[in-house]
Amino acid sequence: MRALLDRYRADAEAGRLAFQSCRACGANQAFLRPFCQACGSEDIDWRHAAGGGTVAAHSVLHRAPTPDYRAKVPYAIALVDLDEGVRVMTHADLDLSVGQRVALSFAPHESAEGTLHLPRVSAAE
């Protein structure tokens with residue numbers, strides 16, 4: 001699993017949201033796994049999101065889950081249906097609403113593991 005996470009984080013640092021795609025059945029998946037969640041095949045490929053999507057759910061959080069989030073409160077989390085058919089969880093602008101078109105970017109976040117580049121969505125123009 002560490003190799004999958006390292007690959008995902010390297011893409012995020014380069015400003016690309018990576019997701020997995022099964023070469024056997026064509027299913028896409030956002031949560032990293034060494035196998036396809038649809039058919040069980042281990043023939044997994046990587047793809048990158050183009051950067052557009054639609055908000056499926058949006059929540060504003062007023063409590064920090066860890067000390068490194070305290071300065072960000074309040075902050076928003078969204079479930080976003082990417083144009084590629086994959087649903088991902090991202091940080092989000094506070095004023096988004098369900099059904100709204102969004103554009104994907106990345107924001108650095110300092111954590112105990114170092115600088116992470118977290119996906120974030122804002123209203124599409």
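A residue counts as buried when its relative accessible area is under 20%. Keep that cut-off in mind for this predicted model.

Select His109 to start. With a relative accessibility of 2%, His109 is buried, because that value is under 20%. His109 sits in strand β7, which covers residues 101-111. Now show the side chain of Asp68: a polar contact of 2.6 Å joins it to the side chain of His109. Leaving aside residues up to four places away in sequence, His109 also touches others, including Tyr69, Lys72 and Leu118.

Next, select strand β8, residues 114-123. Strands β7 and β8 run antiparallel and are joined by ten bridges. Leu116 in β8 is the residue opposite His109.

Move on to the salt bridges, of which the structure holds nine. Select Glu113 and Arg9, whose side chains meet at 2.9 Å, N to O. This pair links distant parts of the chain, with Glu113 in the loop between β7 and β8 and Arg9 in helix α1, 104 residues apart. Glu113 is exposed at 53%, and Arg9 is partly exposed at 25%.

Stay in helix α1 (residues 2-13) and select Arg7 and Asp11, which are four residues apart, so about one helical turn separates them. Their side chains form a salt bridge of 3.0 Å, N to O. Arg7 is partly exposed at 33%, whereas Asp11 is buried at 4%.

Key: Residues numbered from 1 in each chain as written. Predicted model: local features only at pLDDT ≥ 70, side-chain atom pairs only at ≥ 80, totals over all residues. Heavy atoms only, no water. Helix = DSSP H or I, 4+ residues; strand = E, 2+ residues; numbered from the N terminus. Buried < 20%, exposed > 50% of the residue type's maximum accessible area, 1.4 Å probe, protein only. Polar contact = N/O pair within 3.5 Å; in protein donor to acceptor, adjacent residues only side chain to side chain. Contact = heavy atoms within 4.5 Å. Pairing = 2+ DSSP bridges. Salt bridge = Lys/Arg side-chain N within 4 Å of Asp/Glu carboxyl O.
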